[in-house]
Amino acid sequence: MSTKATGTAGHGPAPKTIVITGASRGIGARAAVALAAPGRHLVLMARSEAGLQQTQAAVQKKGARATVLPVDLSSRAGAEAAAEALLQAAGGRLDVLLLNAGTSNHAAFLDSDLDAIEYELRLNYLSPLTILRKCLPHMVTQREGGHVVCVGSLAALMPFPGEASYAASKAALLSLIRSLRVELRDRPVDLTVVLPGYTATEMTENHRTMLPAMAPEQVGAAIAEAVEKRPAIAIPGLSNRLAARLFRTLPGTSDWLLGKVAPLVVPSVVHP
Ligand SMILES: NC(=O)c1ccc[n+]([C@@H]2O[C@H](COP(=O)([O-])OP(=O)(O)OC[C@H]3O[C@@H](n4cnc5c(N)ncnc54)[C@H](OP(=O)(O)O)[C@@H]3O)[C@@H](O)[C@H]2O)c1
């Protein structure tokens, strides 16, 4: 598994209209800047209008057009309305749909709150699913085809203390996109899942861990590369790719090892 293309890459011409959820800060904002180029129209979505406007200014500096679309994706109605709005803002041509908005309910499972877990599942899994159910019928009939890029997480492939419900929500997203990739193999749409590892953003600023973090700019650049190469799965960072390989080939040993080091790397969420 790598950032290299692994499937039916290359449907359609270079992307012109790129829609990004979670573009007000963090990985989504950096991906927007990495993807900005003259001739491109970026539709930037999140709740914070001020954050979106900051990204808009950075994107415009690189010569791209940018439209700000404030939305709240934490309910089914919100995701459905966002899908309608993004199709309209894209003006009938949706080349890249980058579903990046997400959250992490970082807590020991025995202490975690069920409402927070449901919110996380909705934002990380049900909201992208709802947007795809609304937008894919349009994308598969576009003459130019299209590309869906979902931001999952390395946690979808490996267990991690304090991220049980988060990992499950991202595993559901990965499974959805893999299945759709097979189901839509003869349609002019590619689907990619990007699986970042631990990255220094607002989402993780309260995580007390000794793990080394990637910079959001690095992950944004990896997403831009995935938009260009259209792999099935992209994992930014060599050490993350090695970890993914270890957990896939030796799951029992890797889980055991992780259990041993967890009290050292995430002491706040490990129960004695
Ligand atoms: N950071 C990591 O270590 C890491 C690792 C692997 C995967 N990821 C994934 O990368 C993606 C981006 O995360 P990040 O680290 O960049 O986190 P972040 O800095 O917290 O950014 C999250 C983005 O999602 C938006 N968002 C949150 N709730 C929303 C809602 N209800 N409706 C619409 N938009 C909402 C936020 O904007 P508003 O608050 O303005 O709405 C923001 O733009 C997520 O899917 C995350 O799971 C992160």
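Predicted model: local features only at pLDDT ≥ 70, side-chain atom pairs only at ≥ 80, totals over all residues.

Residues are numbered from 1 along each chain as its sequence is written, and side-chain values use heavy atoms, with hydrogens and water left out.

Buried denotes under 20% relative accessible area (1.4 Å probe, protein chains only); strands are DSSP runs of E of at least two residues, and helices are runs of H or I of at least four, numbered from the N terminus. In a regular strand the side chains alternate between the two faces of the sheet. Accordingly, His41, Val43 and Met45 are buried on one side of β2, and Leu42, Leu44 and Ala46 on the other.

Strand β1 (residues 17-21) pairs with β2 in the parallel sense over 5 bridges, pairing requiring at least two DSSP bridges. Ile20 lies opposite Leu44 in β2. Strand β3 (residues 65-70) also runs parallel to β2, joined to it by 6 bridges, with Ala46 opposite Pro70 in β3.

Helix α1 and helix α6 (residues 216-229) pack with their axes 7 Å apart, at an angle of about 55°. Axes are lines fitted to C-alpha atoms, for helices over the stretch in contact, and angles run from 0 to 180 degrees between N-to-C directions. Residues of α1 that meet α6 include Ile27 and Leu35, contact being heavy atoms within 4.5 Å.

How values were computed:
Buried < 20%, exposed > 50% of the residue type's maximum accessible area, 1.4 Å probe, protein only.
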